[in-house]
Amino acid sequence: LHTAYRRQRQMCIRDSYGAAPILPTRAENGWTSSYLNEIFSQDAPTDMTEVRFLDINDDGQPELWLDYGYGYAGGEVFTTDGGTTDKVYLSHGAAYTIPGSNLLHTTGGHMGGYYDEIYKIENGKFATVAKGSYGETEDQQTDENGELIYRYYWNGEDVSEEQYEQNRKELFDQDQAEDIYQNIYTFEQSKALLQPVSYTHLTLP
């Protein structure tokens, strides 16, 4: 009965947003309470906020990517150890993970400057694995074809474009990443998914 009730609630939530994740949302689950207290105790940050569930380190406790819907507002990816939360910020970008990899790849940028940052989760916190950035030169140099010249940096070192791409792919193969355009929820739908199920009003026939 309890499982059926939870599934019925999820069926309502997923009507137009795809299959809802199966969440063990009992009151004793500290990670759900952590998210509810830290993130969902206030109103949605923006009217365009969308939420995705990402189980980055395959521990059954999903991370949450809050996409604030506007480039200038960016987004944040949250993780929790069941007691406290930690987060990384996305500027004009997106977040990706490969199932079972314990790796989070954030990438984005604008106005001639771009970034790739790769993290793993250790003890409930995001730890930096590598950081890369690239962009136009200050004086906007161009090559013989009139194309802007970009400078590439990986972990603070000046590298070629080819070396940059190789370093990134060795750590995170984008072709293996989960489809981020599946299972997208509104702020309120996500809050409802995380709420513990109350059994007190359920009666057996």
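Predicted model: local features only at pLDDT ≥ 70, side-chain atom pairs only at ≥ 80, totals over all residues.

Trainee: Where does Y152 lie, and is Y152 buried or exposed?
Mentor: Y152 lies in strand β9. With a relative accessible area of 9%, Y152 is buried, because the cut-off for buried is under 20%.

Trainee: Which residue stands opposite Y152 in β10?
Mentor: That is V159. The strands β9 and β10 run antiparallel and are joined by three bridges.

Trainee: And how far apart are the C-alpha atoms of Y152 and Y134?
Mentor: They are separated by 4.4 Å, although the two residues are 18 apart along the chain.

Trainee: Then let us turn to the sheet. In what order do the strands of the open sheet come?
Mentor: Its six strands follow the order β5-β6-β7-β8-β9-β10, with antiparallel pairing. At the edges stand β5 and β10, each with a single partner strand, so one side of each has no neighbour in the sheet. On average, neighbouring strands are turned by 25° against each other, direction ignored.

Trainee: What holds strands of a sheet together in general?
Mentor: They pair through backbone hydrogen bonds, in either a parallel or an antiparallel way.

Trainee: Which helix packs on this sheet?
Mentor: Helix α3, residues 161–171, packs on it and touches β6, β7, β8, β9 and β10. The direction of α3 makes about 40° with that of β9.

Trainee: Going back to the strands, how many bridges are there between β6 and β7?
Mentor: There are seven, and the pairing is antiparallel. One example of facing residues is L104, which stands opposite Y119 in β7. The two strands form a hairpin with two residues between them, and M111 in the turn has a positive phi of about 55°.

Trainee: How many bridges join β7 to β8?
Mentor: Those strands are joined by 10 bridges and run antiparallel. The bridge partner of K120 in β8 is A127. Here too there is a hairpin with two residues between the strands, and N123 is in the turn.

Trainee: Where is D58 found, and what is its phi?
Mentor: D58 is found in the loop between β1 and β2. Its phi is positive, about 55°, and D58 is not a glycine. D58 is exposed, with a relative accessible area of 57%.

Trainee: A change of topic: which residues touch the most other members of the largest nonpolar core?
Mentor: They are I56, W65, V77, L104, F126 and F172, in a core of 25 residues. The elements giving two or more residues to this core are β4, β5, β7, β8 and β9. Of the elements, β7 gives the most, with four residues.

Trainee: Which residues does W65 touch, not counting those up to four places away in sequence?
Mentor: W65 touches E50, V51, R52, L54, E76, V77, L90, G93, A94, A95 and I180, with that exclusion applied. There is also a second, separate core of 16 residues, which includes V51, F53, L64 and Y68.

Trainee: And helix α4: which of its residues are buried?
Mentor: In α4, residues 187–194, the buried ones are F187, Q189, S190, L193 and L194. They cover an arc of only 165° around the axis, which puts them on the same side of α4.

Trainee: Finally, how many helices and strands does the protein chain have, and what share of its residues is buried?
Mentor: The chain has four helices and 11 strands. Of its 205 residues, 40% count as buried. The chain exposes about 11500 Å², and carbon and sulfur atoms supply 45% of that area.

How values were computed. Residues numbered from 1 in each chain as written. Heavy atoms only, no water. Core = buried A, V, L, I, M, F, W, Y, C linked by side-chain atoms within 4.5 Å. Buried < 20%, exposed > 50% of the residue type's maximum accessible area, 1.4 Å probe, protein only. Contact = heavy atoms within 4.5 Å. Pairing = 2+ DSSP bridges. Axes fitted to C-alpha atoms, helices over the stretch in contact; angles between N-to-C directions. Areas by Shrake-Rupley, 256 points an atom, 1.4 Å probe, with all protein chains shown as cover. Arc of directions from axis to C-beta.
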